[in-house]
Amino acid sequence: MIRIRSKNVLLVAADTFSAELLPNNNTFRHISAAGSIFPTIHEIKPNVVIFDYDHLSKDMEKILRRISANPAYSKIRICCYKTTAHTKTDSLLKVLGVDHIFYSEDFKKSAESKNIATVLSSIFDAPITNLLAKASN
């Protein structure tokens, strides 16, 4: 399950996306065509863009280079969802401007292991969690 705390989120993935999302944002848009990425970015002005690497593997480098070259997109956080880790590809994505990479194994692990810290962090925002940690010390 992907939890994104942002106002506007754009998901670029196939119609049958395998990860569960929580669309609790103001604007949540899901598109599947690579040609409609930039018109949709101009339309909704997202804070976060999540790319499905398996769906866009051919066009991913070109899209990321275009986003990093334009200063109008500098405030957009870029996330990428991949089914498996690959060191060379992951390092290239990081260099091209991807902030976070999610793997399918991460979602399986988080579903299996739940502790009190993860439950509290999913309920509260980060500043409240930091205040609780300081109060306990």
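These questions and answers cover a predicted model.

User: Why is Ala13 called buried?
Analyst: Buried means under 20% relative accessible area. Ala13 has 0%. Therefore Ala13 counts as buried.

User: Where is Ala13, and what is it in contact with?
Analyst: Ala13 sits in the loop between strand 1 and strand 2 (27-31). Leaving aside neighbours within four places in sequence, Ala13 is in contact with His30, Ile31, Ser32, Asp52 and His55. Ser32 is 19 residues away along the chain, yet the two C-alpha atoms are separated by 5.0 Å.

User: What makes Glu43 and Arg29 a salt bridge?
Analyst: The cut-off is a side-chain nitrogen of Lys or Arg within 4 Å of a carboxyl oxygen of Asp or Glu. The closest N and O atoms of Glu43 and Arg29 are 3.1 Å apart. The pair links distant parts of the chain, with Glu43 in helix 1 and Arg29 in strand 2.

User: What separates Arg65 and Glu61 in helix 2?
Analyst: About one helical turn, because they are 4 residues apart in helix 2. Arg65 is partly exposed at 44%, and Glu61 is partly exposed at 37%.

User: Are Asp90 and Lys82, which form a salt bridge, buried or exposed?
Analyst: Buried means under 20%. Asp90 has a relative accessible area of 10%, so Asp90 is buried. Lys82 is at 4%, so Lys82 is buried too. Their closest N and O atoms are 2.6 Å apart.

User: How do you know that strand 1 pairs with strand 2?
Analyst: Pairing needs at least two bridges. Strand 1 and strand 2 are joined by 5 bridges, so they pair. They run parallel. Asn8 stands opposite Thr27 in strand 2.

User: Which residues touch the most other members of the largest nonpolar core?
Analyst: Val12, Ile37, Phe51, Met60, Leu64 and Leu93 do, in a core of 24 residues. Not counting residues up to four places away in sequence, Ile37 touches Leu10, Val12, Ile31, Phe51, Leu56 and Ile63.

Notes. Residues are numbered from 1 along each chain as its sequence is written. This is a predicted model: local features need pLDDT of at least 70, side-chain atom pairs count only at pLDDT 80 or more; totals for chains, interfaces and linings use all residues. Side-chain values use heavy atoms; hydrogens and water are left out. A nonpolar core is a set of buried Ala, Val, Leu, Ile, Met, Phe, Trp, Tyr and Cys residues joined through side-chain atoms within 4.5 Å. Buried means under 20% relative accessible area, exposed over 50%, partly exposed in between (1.4 Å probe, protein chains only). Contact means heavy atoms within 4.5 Å. Helices (H or I, at least four residues) and strands (E, at least two) are DSSP runs, numbered from the N terminus.
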